[in-house]
Amino acid sequence: MQINIYSITKKDIKYQALQEELCMQCKQFNAQITHFDLFPQSVKNAQKISSLKAQQSYTQVFLPYLNSAALNIALHPQGKSYDSVEFAHFIESYNLVQFFIGGAYGLEQSFIKLTHALSLSAMTFSHKIAKIVLCEQIYRALSILSSHPYHK
């Protein structure tokens, strides 16, 4: 399984070691996780104008990465919530799973409609924490699907 995580954020090395550790653990389940931190000048400029322009810029950055053969998931506060077992079964039949994490102003509804919306929690997390929680839940899902004892 290939899992891609796209996020509108600048690279941050403080949390990178933990992300890499979780991603490395996923390899035992034949899963490869790749992170794409995207913060082009167009996003930086749009965020200075308005929240609407920022959301539109996020959509423009993410659109080329949507893949009709993939399970495309946008993290969104009003998205569907899953427990860990439900989440595992949600992703299990896909060879390519892609997650999209919007910028500070969230995602446009038009982009969300092109994906499955997922909520990690009713709480708001920074990008750094959201990516770690997401990676841990991916690892947990893969361990559930493989009957690995980590989930217990």
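**Exercise 1.** Identify the residues that lie nearest the centre of the second largest pocket, and state which elements supply its lining.

*Solution.* The second largest pocket is lined by 18 residues, and those nearest its centre are Gln16, Gln19, Glu20, His35 and Asp37. Here a pocket is an open set of points on a 1 Å grid over the protein atoms alone, where a 1.4 Å probe fits, with protein on both sides within 12 Å along at least five of seven lines, and lining residues have an atom within 4 Å of a point. The model is predicted, with local features needing pLDDT of at least 70 and side-chain atom pairs pLDDT 80 or more, while totals for chains, interfaces and linings use all residues. Residues are numbered from 1 along each chain as its sequence is written, and side-chain values use heavy atoms, without hydrogens and water.

Next, helix H1 (16–26), strand E2 (32–38) and helix H6 each supply at least two lining residues, and H1 has the largest share, five residues.

**Exercise 2.** Describe the lining of the second largest pocket by residue class.

*Solution.* This lining has four nonpolar, six polar and eight charged residues, where Asp, Glu, Lys and Arg count as charged, Ala, Val, Leu, Ile, Met, Phe, Trp, Tyr, Cys and Pro as nonpolar, and the others, Gly among them, as polar.

**Exercise 3.** Describe the lining of the largest pocket by position, element and class.

*Solution.* Of its 21 lining residues, Leu75, His76, Pro77, Thr124 and Phe125 lie nearest the centre. Strand E3 (71–80) and helix H6 (127–145) are the elements that give two or more residues to this lining, and E3 gives the most, three. By class, the lining has twelve nonpolar, nine polar and no charged residues.

Methods
Helices (H or I, at least four residues) and strands (E, at least two) are DSSP runs, numbered from the N terminus.
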